[in-house]
Amino acid sequence: MGGCGSAGREAALIQYTLRRLLGAIPTLLIIITLAFLLLHAAPGGPFDVQKRIPPAIEQNIERMYHLNEPLYEQYFRYLGDILRGNFGPSYQYRDTSVNQIISEGLPVDLVIGGLALLGSLLIGLPIGIVAALRRNTRWDYWPMGLAMVGISVPVFVVAPILILLFAVYLRWLPAGQWDNGSISHVILPAVALAGPYIAFVARLMRGSMVEVLNSPFILMARAKGLPEHRVVLRHAMKPALIPMVSFLGPAVVGVITGSIVIETIFGLPGIGRAFVDGALNRDYTLVLGVTILYGVLIVAFNLLADICYSLLDPRVRYQ
Amino acid sequence: MTREPRGVIATEAEAPLAAAPGRSLWQDAFARLRHNRAAMASAIVLIVIVVAAIVVPWISPYNYYTPQWALLDLPPTLRGWHIFGTDDLGRDLLVRVMWGCRISLMIGAVASVVSVGIGVFWGAVAGYVGGVVDSLMMRVVDILYSVPFIPFVIVLIVMFGRNLFLIFVAIGAVSWLDIARIVRGQTLSLRNKEFVEAARASGVRGPQIVWRHLIPNLVGIVVIYATLTAPAVILFEAFLSFLGLGVQAPMTSLGVLVSDGAGELQSFPYLLIIPAVFLAAIVYCLNFLGDGLRDALDPKDR
């Protein structure tokens, strides 16, 4: 981006990216190890049942899932499996692999989360810009006060009220279920999930816009006699948007992991719900798989956000 | 022989330096905070809620756990002073909401103290010692940043049982990362200030410098982040309670009340709306107060 892409800068960027990628490997390894040890240290096993099962059957089950092996062997076997992209069989659902559960659930989260994030940008950005331009007027106070409400009211309060209003009283939209992602089933969950993010985006955008509008180059643009809309759209917009990039990395992860509540309320078959069910039923492989998936997503999106940030902001220097 | 005069110089040097700027900064900040009407209103609302949460369960004839089978799902009424009504077991909602406020505020307070404590210690040591120690400690923070926080807490609670103490510790232990980063940054810039150099030149030891010179200068930023961590923690507890992983019945929290109320929203909306209003009010006011403190203490904005 920009005209200053000298060869030295590009080389530095590639080096920086490689270094960050290499740095991500130990991080992921530590997350996997931590999760693995935590689950195995927990009291109670996945096959503890009320009624006593014959020891022979118990041994068979343990052998089948390699639970009879020493811990380090299980650990390295698991690491090897993950490297091949195999999260193993689910303990809870017979004949179902964790990969299957994830590949069925993830699209749900991606659709809802993607829509929520897109919506929050489309609504939050203009609100933030207007608030910054009309600083300390009612165009600033009221939307920002409302944004604070958006942050303070939890999703699980907003969602039932939305259902009551639009599904029960008005009967415009269905109250839940996925129905293969038909538009009418997606709207309410996405709106409920987007609420706090609209507020975050608006507040962040206001802050960075205020900062940019106070900087010397905007004074310069105004001194040249440019009309205000040109000052805002041509000069202030781009630098003010840069901080949004570093917000988007964690936000993507946030909408994906944060949809656990949404999935519960609307009865959606996403991975968040599968995760909570798995944790309650001690489905170790499922919990481990989803935790690692979340970890990978966090590392990947933070890395992506950092790289985009340094691409967009010419002031960034890599040591 | 050399020790005694050293100590004398040190105490003389640090007393005026630590006290003088601190007082004026706080007076300044307080004056500015008083002019911030939103922040002051938030503080008043918070005080009212705290006092009510302490007093109401104490003076009320009702408790939070005894069912009254003749008074199920009573809408708000003056009869028997059930001004918030009763829940599906006939328990007085006012008392239950006040108990919910107690638990939620307590979780907010304890978890923020835990997270601020760890964060300040970690950040101040990393920033002050610097070098390899700094990069190692910050590497740990980086790695913990990548740990999927919500799943981890859920796993912890599911695996090791749901007691209140574990919830406090789990939430506190994972929310110190931001504070550690900010404190480290501040410490790095403070470390090279003249008064620290003066203290070091007069022979004050490292831990003493961190404790007497660096941490007092970090108080402002720490107060801000504690105020902003508390609402996040309260919301997180509510989230856990909503998933059925929070405090256990008959004890209650605002999260439990909200999630119970959500189930009966259609017939008895007040069961959701009243606790939700209290939850939102607490979080809203803490957020506004934190914002107000930040504006008041931020030297950039003067």
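Among contacts in chain B between residues at least 6 apart in sequence, the share that joins residues at least 24 apart is 71%. Two residues are in contact here if their C-beta atoms, placed from the backbone, lie within 7 Å. For chain A, with the separation again at least 6, 76% of contacts join residues at least 24 apart.

A word on the source. This is a predicted model, in which local features need pLDDT of at least 70 and side-chain atom pairs count only at pLDDT 80 or more, while totals for chains, interfaces and linings use all residues. Residues are numbered from 1 along each chain as its sequence is written, and chains are lettered from A and ligands numbered from 1 in the order in which they are written.

Now the two chains. Chain A has 12 helices and 0 strands, and chain B has 11 helices and 0 strands. Helices are DSSP runs of H or I with at least four residues, strands are runs of E with at least two, and both are numbered from the N terminus. Along principal axes, the C-alpha atoms of chain A fill a box of roughly 85 × 60 × 30 Å.

Next, burial. A residue is buried if 20 or more other C-beta atoms, placed from the backbone, lie within 10 Å of its own, exposed if 12 or fewer, and partly exposed in between. Of the 319 residues in chain A, 35% are buried. In chain B, with 302 residues, 44% count as buried.

Which residues have the most contacts inside the largest nonpolar core? They are A:Ile262 and B:Val258, and that core has 161 residues. A nonpolar core is a set of buried Ala, Val, Leu, Ile, Met, Phe, Trp, Tyr and Cys residues joined through C-beta atoms within 7 Å. Leaving out residues up to four places away in sequence, B:Val258 touches A:Phe156 and A:Val157 in chain A, and B:Ala238, B:Phe242, B:Leu272, B:Pro275, B:Ala276 and B:Leu279 in chain B.

On to the contact between the chains. Chain A puts in 31 residues and chain B 28 residues. On the side of chain A that touches chain B, the elements giving two or more residues are α1 (7-41), α5 (138-152), α6 (155-169), α10 (259-266), α11 and α12 (284-312). The most comes from α12(A), with 7 residues. By class, that side of chain A divides into 25 nonpolar, 6 polar and no charged residues. For these classes, Ala, Val, Leu, Ile, Met, Phe, Trp, Tyr, Cys and Pro count as nonpolar, Asp, Glu, Lys and Arg as charged, and the others, Gly among them, as polar.

Inside chain A, look at helix α4 (residues 98-133) and helix α11 (residues 271-280). Their axes come within 7 Å and cross at roughly 130 degrees. That makes α4(A) oblique to α11(A). Axes are lines fitted to C-alpha atoms, for helices over the stretch in contact, with angles from 0 to 180 degrees between N-to-C directions. Under 35 degrees counts as roughly parallel, over 145 as roughly antiparallel, 65 to 115 as roughly perpendicular, and the rest as oblique. From α4(A), the residues that meet α11(A) are A:Ile101, A:Ile102, A:Gly105, A:Leu106 and A:Asp109, and on the α11(A) side they are A:Ile271, A:Gly272 and A:Ala274. This contact has 5 nonpolar, 2 polar and 1 charged residues.

Two helices of chain B come next. Helix α3 (residues 93-129) has 37 residues and should span 54 Å at 1.5 Å a residue; its end C-alpha atoms are 53 Å apart, which agrees. The expected span is 1.5 Å times one less than the number of residues. In α3(B), 29 of the 37 residues are buried, so the helix is largely enclosed by the rest of the structure. Just after α3(B), B:Gly130 takes a positive phi of about 70 degrees.

After α5(B) comes B:Gly161, with a positive phi near 85 degrees.

Last, some loop residues. Is A:Asn136 buried or exposed? A:Asn136 is exposed, because 8 other C-beta atoms lie within 10 Å. A:Asn136 sits in the loop between α4 and α5 of chain A, and has a positive phi of about 60 degrees although it is not a glycine. B:Gln248 lies in the loop between α9 (206-242) and α10 (254-263) of chain B, and is partly exposed, with 14 other C-beta atoms within 10 Å.
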